[in-house]
Amino acid sequence: QVQLLESGGGLVQAGGSLRLSCAASGGAFFFSNYAMGWFRQAPGKEREFVGTIYWSGGITYYADSVKGRFTISRDNAKKTVYLQMNSLKPEDTAVYYCARHKAPYTLGKAEGDFSSWGQGTQVTVSS
């Protein structure tokens, strides 16, 4: 059973930065073979795609709302994926989730493309 554990959330002022981490453990899978994604869910809203990173780490895709401000990276040796968030806005306030794609060497942006999820970490941006 794959386990994903997010950390790094907190309260930050608008314009500030945070870096989220997501550490994978458990299960008999090769972390480096799977694309990883970040999603977020604001109060009263549906969970939405933030970004995803290829299994090799060489290619990333982002939602338009975060493009240019957020950066996803990964360290396959540490089985960890990161979300660097800069120039944060109050509308970035949400619970942030990391997720592992359901199949190796496959990319996707929909929730249904991912099969393993972390418990989420709260990010609150004050104005």
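Author: Happy to. A nonpolar core is a set of buried Ala, Val, Leu, Ile, Met, Phe, Trp, Tyr and Cys residues joined through side-chain atoms within 4.5 Å. Please keep in mind that this is a predicted model.

The largest nonpolar core here has 33 residues, and Trp38, Phe70, Leu83, Met85 and Tyr96 touch the most other members. Two or more residues come from each of β3, β4 (36-41), β5 (48-53), β7, β8 (80-85), β9 (94-101) and β11 (121-126). In soluble globular proteins, nonpolar side chains tend to be buried together. Leaving aside residues up to four places away in sequence, Phe70 touches Leu83, Met85 and Tyr96, among others, and its contacts also include Arg40 and Asp92.

Now for the sheet. Four strands form an open sheet in the order β1-β3-β8-β7, with antiparallel pairing. Its edge strands, β1 and β7, each pair on one side only. On average, neighbouring strands of this sheet are turned by 15° against each other, direction ignored.

Five bridges pair β1 with β3 (residues 18-25) in the antiparallel sense, and Glu6 has Cys22 in β3 as its bridge partner. In a regular strand the side chains alternate between the two faces of the sheet.

Technical notes:
Residues are numbered from 1 along each chain as its sequence is written. This is a predicted model: local features need pLDDT of at least 70, side-chain atom pairs count only at pLDDT 80 or more; totals for chains, interfaces and linings use all residues. Side-chain values use heavy atoms; hydrogens and water are left out. Two strands pair if DSSP finds at least two bridges between them. Buried means under 20% relative accessible area, exposed over 50%, partly exposed in between (1.4 Å probe, protein chains only). Contact means heavy atoms within 4.5 Å. Axes are lines fitted to C-alpha atoms, for helices over the stretch in contact, and angles run from 0 to 180 degrees between N-to-C directions.
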